[in-house]
Amino acid sequence: MHRRSFLISASAALAQPTKDRTATAIIGVGNRGSFLLGSVINQPNARVAMVCDNKPDRLDKAATVAAASSPKTATDWRKVIDDKSIEAVFIATPPHLHAEMAIAALKAGKHVYCEKPVGVTPESIRDLLKAAKASGRVFQSGQQLRSQVQLGEAIRQIHEGVIGDLLFVKAQRHASADLDYNGSSGDWYFNYRKSGGYLVEQSVHNLDLCNWAIGAHPTRAAGFGGINLHKNEPPGRDIFDHQSLTYEYANGVKLAFTQMVFHPRNLPFNNQSVYVYGSKGSVDLMGSATMYSADGKQQTVLSPKIQEDPDAHTAAFFSSIQKGTKIASDAVVGATAALTAILGNEVCRQGKVLGWSDLGVEL
Ligand SMILES: NC(=O)c1ccc[n+]([C@@H]2O[C@H](COP(=O)([O-])OP(=O)(O)OC[C@H]3O[C@@H](n4cnc5c(N)ncnc54)[C@H](O)[C@@H]3O)[C@@H](O)[C@H]2O)c1
């Protein structure tokens, strides 16, 4: 018997009643979509009802993984939108496709979990915000840091004033290498129009964390970026390999943000960090969530490290659909993070200081 047929018939006997389980489709089952597929399978209140990918081998693999719920399959994402039995859609395609797919799904009455960045242009993000607000459906962006317990608790205390007045934030996302040119996302990642580059595609997480801690979006930005090492690697590459940015916030706080892909693993201060400086002390937010008092005498762990649940963000989505719980990374949070990154790219590309209002999007 063919492996998938066997899995389907064996699992049919075990299948649970579907009444209270949200019928869910996943569009894009590459690297991240495969993780999300597993995460949906883990939810007792969800059922994988459809999988979609325009690459047949990935589609076949996903259908096999989800065989217990006998999902429908589609290579054309419009089939997901048109299927009235689908209640919720996960979107894990390349970034330039997110907004169009999410808007279509919301307009068809579906709840949407949209991977970050929610869009790569201000115009598409403006349209998405409008659709999300008009839909009355749950919209969650894939910024899963918003569901992390340790970060949430540390930021709650910052907002309560534990470090005094916020003064400055220093953050970075440094890597020791480019993504694999032949990897899963190699066919879109190095194209600025499709990914938005490192800042929009990856640092959107870190910039969101900074906005969250500061409690606002920036009002203007300045910066520089370029390609100093990976010139025309891979061929046609037009995304920066380094950027240095300054954002200013309405309360006077400045954020200094750098990113690069040539920070040796053994050089200190590698990888990702967010330091939040306040009048009473400063916090290493992405590290141990420890506060260092301004007088240099005390160290206090604001929120101990715990084993975070990798499915927490997915669970939050279904909880919001079924119980109406609040979404931590809703459309406004997703849009704000993506727009912060887009603003950072625009100042580098246009070579001038730009304001938030220059993006032309009302939140
Ligand atoms: N939240 C996170 O931490 C996290 C981590 C990794 C990736 N992501 C995001 O997930 C998204 C996907 O990234 P990835 O690394 O999985 O990329 P990927 O290339 O591995 O997967 C994308 C999938 O979408 C499919 N696809 C492309 N166009 C399609 C179309 N028109 N219709 C249907 N399917 C289509 C591709 O065939 C591929 O299988 C990106 O937005 C990325 O930023 C988020």
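Me: Against which elements do the buried residues of H5 pack?
Reply: This is a predicted model. In H5, the buried residues are His98, Ala99, Met101, Ala102, Ile103, Ala105 and Leu106. They pack against helices and strands: the helices are H4 (77-82) and H6 (122-135), and the strands are E1 (22-27), E4 (88-91), E5 (111-114) and E6 (139-141).

Me: Why is helix H5 described as largely enclosed by the rest of the structure?
Reply: A residue counts as buried if 20 or more other C-beta atoms lie within 10 Å of its own. Helix H5 spans residues 98-107, and it is largely enclosed because the buried residues number 7 of the 10.

Me: Which residue just after H5 takes a positive phi?
Reply: The phi in question is about 85°. The residue with that positive phi is glycine 109.

Me: Which strands are the edge strands of the open sheet?
Reply: The open sheet has 9 strands with mixed pairing, in the order E14-E13-E12-E11-E7-E10-E9-E8-E15. An edge strand here pairs on one side only, which applies to E14 (299-301) and E15 (354-355).

Me: What is the bridge partner of methionine 291 in E14?
Reply: Strand E13 covers residues 290-293 and is joined to E14 by 3 bridges, the two running antiparallel. In E14, the partner of methionine 291 is threonine 300.

Me: What angle does the direction of helix H10 make with that of E7?
Reply: Helix H10 (residues 204-214) packs on the sheet and touches E7 (166-174), E9 (242-249), E10 (254-260) and E11 (272-278). Its direction makes with that of E7 an angle of about 165°.

Notes: Residues numbered from 1 in each chain as written. Predicted model: local features only at pLDDT ≥ 70, side-chain atom pairs only at ≥ 80, totals over all residues. Pairing = 2+ DSSP bridges. Helix = DSSP H or I, 4+ residues; strand = E, 2+ residues; numbered from the N terminus. Contact = placed C-beta atoms within 7 Å. Axes fitted to C-alpha atoms, helices over the stretch in contact; angles between N-to-C directions. Buried ≥ 20, exposed ≤ 12 C-beta atoms within 10 Å, placed from the backbone.
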